[in-house]
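Take a look at the sequence and the coordinates, then read on.

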Amino acid sequence: KKGESPILCLVGPPGTGKTSIAKSLARSLKRKYVRISLGGVRDEAEIRGHRRTYVGAMPGRIANGLRTAGVKNPVMLLDEIDKVSTDYKGDTFSALLEVLDNEQNHKFRDHYLEVPLDLSEVLFITTANTLQTIPRPLLDRMEVIEISSYTENEKLHIAEEHLIPKQIEKHGLTPKQITFSKHSIWKIARNYTKEAGVRQLEREIGNVCRKAAKEIFTTERKKIAVTDRNIHRFLGKEKYTYQMANIAAEVGIVRGLAWTSVGGDTLQIEVNVMPGKGELMLTGQLGDVMKESARTGISYIRSVSKKYAISPDFFEKHDIHVHIPEGAVPKDGPSAGITMAVAMLSAITEKKVRADLAMTGEVTLRGRVLPIGGLKEKLLAAKSAGIKTVLVPKANQADVEELSAEITKGMEIPFVESMDEVLKAAMGRKRK
């Protein structure tokens, strides 16, 4: 009857329903639910409790959570485990090692209780926005489940089935008094929010409901229909616009894809070549990884310059300037290597790059294409920008096959292993 419950770690961007999943799990298992927020906890005693020799000593949060639940087998949510900090009072992550280990937690020692506490029947669920700050030994004890960004279609269904009824009730309206068209929800999600989850979408729907309630109260109107044409009346001008795919093929301009904490985005990489002394200039607030990718790309191009009929002294007599617009936004990560290499080669050889094409992947010195992460978000960003073809590293093929048909529908996704394949697809011509 008693099985060992795994310790789950739900990882994903804010607003994607990680805490809601834990609540639903507790409800479906008919167990008590306890939530412990670990954001900013930096004292080991918060987990293990104080020794009773101290004034004001009290049990730790885990023992307190069990007391609150009143049972020994609740669903215990340790929220924001990646935000735990450490100081001179002890390492909080190390204190969690005993709690989140099936081999140890049947005899967990709280300093205040001083008797072993059995945590083996507790179903622990932890949530995090990123795995980068969680120490490896702690991560090793948990089963990681990734909760990714919502597609526009998923946002539409969440809004129709949950958010709109909730906000209508909250603002004292009835479903007969206000209606939302599908296109209006899409417009709110696309042009008034920029997020992976649905928190901002819910706020904007609440905003519309408040304005509608005021209008019904102050005028003779009995019913308000919200459509994509009149949405600006409630929410003002559009806050976000997507940079759509370029119309014509251009020299030295290539569209890259980026993963951000609020979903995916497209990056337009521009390269100019000018007479000079062989300098490589990088602008657009790039991080160290992207700068290294650009230098790797230029080294690869120099190594194959004969094949593209580039004169031997070209790199000594010309400066190359790589720029990524939106200079105020910091950009970093290993996924724009092939994009920068293609843009630089296009500017040097003056060959145009296809406008309806985007790409993602890291490049090596020998021109191999390495895999990247965050593919779902990147493909969604490409789709929103109206891009038809996306070059993806061959090593990411399994990730693409896992995606739903809704994301990849209408898109061509060639898999590439080397820069030769990338250049052939981007410039549409075989090399000399």
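Helices here are DSSP runs of H or I with at least four residues, strands are E runs of at least two, and both are numbered from the N terminus.

Before going further, a word on the ground rules. This is a predicted model, in which local features need pLDDT of at least 70 and side-chain atom pairs count only at pLDDT 80 or more, while totals for chains, interfaces and linings use all residues. Residues are numbered from 1 along each chain as its sequence is written, and side-chain values use heavy atoms, with hydrogens and water left out.

**The whole protein**

The protein has 16 helices and 20 strands. Along the principal axes, its C-alpha atoms fill a box of roughly 80 × 65 × 40 Å. Of the 432 residues, 46% are buried; buried means under 20% relative accessible area, exposed means over 50%, and partly exposed lies in between, with a 1.4 Å probe and protein chains only. The accessible surface comes to about 22500 Å², and carbon and sulfur atoms account for 51% of that surface. These areas come from the Shrake-Rupley method with a 1.4 Å probe, and for residues only the protein chains shown count as cover.

Contacts are counted when heavy atoms lie within 4.5 Å. Among contacts between residues at least 6 apart in sequence, 75% join residues at least 24 apart. As for charge, the mean positions of the 67 positive and 54 negative charges are 4 Å apart. Lys and Arg count as positive and Asp and Glu as negative, with His and the chain ends not counted; each charge is placed at NZ of Lys, CZ of Arg, CG of Asp or CD of Glu.

**Around helix H6**

An α-helix has 3.6 residues a turn, so residues three or four places apart point the same way. After H6 comes glycine 172, with a positive phi near 70°.

Glutamate 202 sits in helix H8, residues 199–218. Setting aside residues up to four places away in sequence, glutamate 202 touches Leu163, Lys166 and Gln167. Why does glutamate 202 count as buried? Its relative accessible area is 17%, and buried means under 20%.

Helix H13, residues 375–384, is mostly covered, with nine of its 10 residues buried. Among them are Lys376, Glu377 and Lys378, as well as Leu379 and Leu380. Glycine 386 follows H13 and has a positive phi, near 75°.

Proline 393 belongs to strand S19, residues 389–393, and is buried at 0% relative accessibility. Proline 393 and valine 369 are 24 residues apart along the chain, yet their C-alpha atoms are separated by 6.0 Å. Beyond its neighbours within four places in sequence, proline 393 has contacts that include Thr360, Val369, Ile372 and Phe415.

**Loops and cysteines**

Tyrosine 112 lies in the loop between strands S4 (108–109) and S5 (116–117). Its C-alpha is 5.1 Å from that of arginine 51, although the two residues are 61 apart in sequence. Leaving out neighbours within four places, tyrosine 112 is in contact with Arg48, His50, Arg52, Ala57, Met58 and Pro59. Glutamate 114 is in the loop between S4 and S5 as well, and glutamate 80 lies in the loop between strand S3 (75–79) and helix H4 (92–99).

| Residue | Phi | Relative accessible area |
|---|---|---|
| Glutamate 80 | near 55° | 25%, partly exposed |
| Glutamate 114 | near 65° | 48%, partly exposed |

Finally, how many disulfides does the structure hold? The structure holds zero disulfides, a disulfide being a pair of cysteine sulfur atoms within 2.5 Å. Cysteine 9 is buried at a relative accessible area of 0%, and cysteine 209 is buried at 0%.
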